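This briefing is for a reader meeting the structure for the first time.

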Amino acid sequence: MKCLIALALGCLAAPALAQAPAGLRDTRLPSPQEIATIAKEAYLYGYPLVTMDQTRAVMTNVATPNETRAPLNQLVNQQKFFGASFHDVTAPNADTLYSNAWIDLSEEPMVFAHPDMGDRYFLFPFLDAYTNVFAVPGTRTTGHAAETYLLTGPGWHGTVPKGMKQLRAPTNLVWLIGRLEAKGTPEDDKAVHALQENLELLPLSAWGAATYKSPRNRPDSGIDMKTSVRDQVNRLGAEQFFDRLARLLALYPPPKADAPMLAKLARIGIVPGEHFSTSRMNAARIEALRTAPAAALEEMQTQLADRPEQNGWAVDLHTGTYGTDYLQRATVALVGLGANKPEDAVYPLATTDASGQPLTGGTRYVIHFPKGELPPAKAFWSITLYDEKMFFVSNALDRHSVGSRDALKINADGSLDVYVQADAPSHEKRANWLPAPSAAFTLMMRIYWPRTEPPSVLDGSWKPPPVTLAPAQRIGRAPHRHRR
């Protein structure tokens, strides 16, 4: 925990910092062209790690837990769906109530326990510092019975107490992003809250003690609590970004498979635990280095635009675990930090209509599901609307998604229409209305616990229906824009 606090303050905790692995140092400076290439790769590699760290800094910078934030090693239980003002993470959902925790395992293991969840769909994915999901207790994997887990860091080799299941984390920083299905009604919220109140997270040394009181945190006034985390990270200059990355690589050593990338980083002076400096570079090399953030962010946007599409929806089945696919890992962190494995959730994304035109509130749209062709989810599905920065959009209904948890109106032939538009539709269509802003927007479908048997989104035998223009209801047309 001391290491994490020191990092947030911008200083080094020397005992926790590892030395650069042998063979990573290369005293020869690459050419400016090489530096530009390596620096872009380094930025892509480090983007999820730096984003996770900044998210942790913001979401734990409170004295005691509130509805959205909590100090390290303490649970925060969301009591109602987030609104348009919530910018802590990109692409939040409006289908589940979160039970989150940022966990530091550097001092000792933590115990996490949940009660019997009844027939409530839930999942508790645990992510390492590099955004990989390494464990996911939940309805799909472990069933509904009560469980107690011992969460241990990579260097712990003690004895697991009887009655606990060990979850070995690859890094000492862990993000628990628990999700409990919620319908948004007062009665259902009350039932979810009762389950949340019986969740436990405490140090192993306190397990079984008669009383345990989580320590009060001292917030850091130097942390920006207003600007979105993504904007804070994206505004970092190359030198700031790489210096922070070097310190984080020492705090959270990457897996052995990353050795070739670490060797590349060392060539431009990014060495775990060492201050990053451009003092040995001339002006041309420094200028080349500073192109990395813009070049990398552009490549992420290209990756988004080039994903395989199904009826205009980008369906990405490579989330949650990434191996050495650093571009994919960074791209997912950019638009949806904390994404699940596809076995737990698939997230089709649409930025254009069926004709390839950008989605905009100047046009009315309909998404038509023929009879028997709703999203094939064992748990539930939804369609959520975001602005271009992947945040909720303020609207009079405070409605950000529609889906299987809603009382949608089915057509006489058994089909379903979802209406996406800025102005309210006629009364008989209002139950199926997803309010849009006047500006451009993005749609994200969520299919929780997708079916494996056909039709399935996992094998492509089910495809999301296209977003089409509502018949004779065009209210304006935005000029054509190239997709990002």
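Strands β15 (residues 365–369) and β18 (residues 416–421) are joined by five bridges and pair in the antiparallel sense; strands count as paired if DSSP finds at least two bridges between them. The model is predicted, so local features need pLDDT of at least 70 and side-chain atom pairs count only at pLDDT 80 or more, while totals for chains, interfaces and linings use all residues. Residues are numbered from 1 along each chain as its sequence is written, and side-chain values use heavy atoms, with hydrogens and water left out.

**Sheet**
- Opposite Leu416 in β18 stands Phe369.
- An open sheet is formed by four strands in the order β19-β18-β15-β21, with mixed pairing.
- β19 (433–435) and β21 (467–469) are its edge strands, each pairing on one side only.
- From one strand to the next, the twist averages 30 degrees.

**Helix α4**
- Helices (H or I, at least four residues) and strands (E, at least two) are DSSP runs, numbered from the N terminus.
- Helix α4 covers residues 186–197, twelve residues.
- Buried residues (under 20% relative accessible area, 1.4 Å probe, protein chains only) of α4 are Asp188, Asp189, Val192, His193, Leu195 and Gln196.
- Seen down the axis of α4, these buried residues fall within an arc of 160 degrees, so they line one face of the helix; the arc is that of the directions from the helix axis to the C-beta atoms.
- The face turned away from the buried side carries Pro186, Glu187, Lys190 and Glu197, which are exposed (over 50%).
- The cover over the buried residues of α4 includes β1 (76–77), β2 (96–104) and β9 (173–181).

Technical notes: Expected span 1.5 Å × (residues − 1). Contact = heavy atoms within 4.5 Å. Axes fitted to C-alpha atoms, helices over the stretch in contact; angles between N-to-C directions.
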